[in-house]
Amino acid sequence: MHEVSNPFQACNDIFFKPNGVFKAVGENNNWSWMPFILVMGVSMAMQYLYVNFVDIEWFANLNIAAQGDMSPAEEDQMRAFFTRESLMWTQLIGAFFAITVINAIYAVYVNLATRSDDSHVFGFTDWYGFSWWLSMPYVITGLIGVVLLVLSDNHQVSPVIMAPTSLSYLLSIPMDSDWFAFGQAIRLELFWGIYLATVGISQWTSFERKKAAIIATAPYAILYGIWLVFIAVF
């Protein structure tokens, strides 16, 4: 098996030879700080650059239009919120807590789902570190989003540019569409992360690859399946 000797190498090899990375991460403590720093750094940088780049007045009107029918007073109240400073803090704080909480929930899930493994040796903190390695594809697509933003010559740019591999971006789904949020959630890095989870779970447990794939896929299949039905019905 491919040998990984340090966390810097692991951050590179996670994209090409993930099996060796998960083996090394399982045997070494504190390596998961590296993907945490990279994922969080790129996510925060994306939010910072977008808020400083976008036409705030246009962005406010875009979000108001996406809310549907609103009274003039409600529109004015919402428009007053959309200052560059308030939007900056909202986006940065939201990005930080969204990623940390989602990864924590995922760690709880995988920890419970692998309890039946006879060689179970990893606890919640191990799986929480594991979750940050699954998030590494977001670094690649995030950097693509930054490049697209920097190269844009129009400040009236939708926030979907920060998810350049999402269906919403690729299919140009408008923000006022019922399918916008769902389309933004369906992106290349989601499936990439599921693949990495399958590799990692099979490396950290005695489960066969098929069972590892089921564990890796199940929460997304259930969540997005319910979401899809909700949009279609309501």
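What percentage of the 234 residues of the protein count as buried? After that, please look closely at the contact of α7 with α11: which residues make it, and what does Y106 touch?

Analyst: This is a predicted model, and the values below are computed from it. Of the 234 residues of the protein, 43% count as buried. The secondary structure consists of twelve helices and zero strands, so the order of elements from the N terminus is α-α-α-α-α-α-α-α-α-α-α-α. Taken along the principal axes, the C-alpha atoms fill a box of roughly 60 × 40 × 25 Å. Among contacts with a separation of 6 or more, 65% join residues 24 or more positions apart.

The part you ask about is a packed helix pair. Two packed helices are described by the angle between their axes and the distance between the axes. Helix α7 covers residues 124-134 and helix α11 covers residues 188-204; their axes come within 9 Å and cross at roughly 145°. The crossing is right-handed. On the α7 side the contact is made by D126, W127, F130, W133 and L134, and on the α11 side by G193, L196, A197, G200, I201 and W204. By class, the residues of this contact divide into eight nonpolar, two polar and one charged.

F22, F122, W127, F130 and W204 form one aromatic cluster. W127 and F130 come to the contact from α7, and W204 from α11.

Leaving out residues up to four places away in sequence, Y106 touches F130, S131, L134, A197, A216, P219 and Y220. F130 and L134 belong to the α7 side of the helix contact and A197 to the α11 side, so Y106 touches residues from both sides of that contact. Y106 and S131 are 25 residues apart in sequence, and their C-alpha atoms are 7.1 Å apart in space.

One of the residues that Y106 touches is Y220, which lies in helix α12 (residues 209-233). Y220 has a relative accessibility of 25% and therefore counts as partly exposed. With residues up to four places away in sequence left out, Y220 touches Y106, L190, I194 and G225. Between Y220 and L190, 30 residues apart along the chain, the C-alpha separation is 8.9 Å.

N111 is another residue of α6. At 8% relative accessibility N111 counts as buried. Apart from neighbours within four places in sequence, N111 is in contact with H120, F122, G123, F124 and W127. F122 and W127 are members of the aromatic cluster, and W127 is also part of the contact of α7 with α11.

For context, here are some ring pairs elsewhere. A pair of aromatic rings is described by the distance of the centres and the angle of the planes. The structure holds 22 aromatic pairs. One of them is F96 with F97, edge-to-face at 5.3 Å centre to centre with 90° between the planes. F96 is partly exposed at 31% relative accessible area, and F97 is partly exposed at 47%. In the pair of W179 and F182 the ring centres are 6.0 Å apart and the planes stand at 80°, so this pair is edge-to-face. W179 is partly exposed at 38%, while F182 is buried at 12%. A charged side chain also meets a ring: K211 lies over the face of F207, at 4.1 Å from the ring centre.

Two loop residues deserve a check of backbone geometry. Most residues other than glycine have a negative phi, and most peptide bonds are trans. N30 has a positive phi, near 70°. N30 is placed in the loop between α2 (18-27) and α3 (33-53), and is exposed with a relative accessible area of 61%. S172 also has a positive phi, near 55°. S172 lies in the loop between α9 (167-170) and α10 (180-185) and, at 59% relative accessibility, counts as exposed.

Terms used
Residues are numbered from 1 along each chain as its sequence is written. Side-chain values use heavy atoms; hydrogens and water are left out. Rings of Phe, Tyr and Trp (its six-membered ring) pair if their centres lie within 6.5 Å; planes under 30 degrees apart count as stacked, over 60 as edge-to-face and the rest as tilted. Buried means under 20% relative accessible area, exposed over 50%, partly exposed in between (1.4 Å probe, protein chains only). A charge sits over a ring if NZ of Lys or CZ of Arg is within 6 Å of the ring centre and within 35 degrees of the ring normal. Axes are lines fitted to C-alpha atoms, for helices over the stretch in contact, and angles run from 0 to 180 degrees between N-to-C directions. Helices (H or I, at least four residues) and strands (E, at least two) are DSSP runs, numbered from the N terminus. A crossing is left-handed if the near helix is turned anticlockwise from the far one by less than a right angle, and right-handed if clockwise. Contact means heavy atoms within 4.5 Å. Ala, Val, Leu, Ile, Met, Phe, Trp, Tyr, Cys and Pro count as nonpolar, Asp, Glu, Lys and Arg as charged, and the others, Gly among them, as polar.
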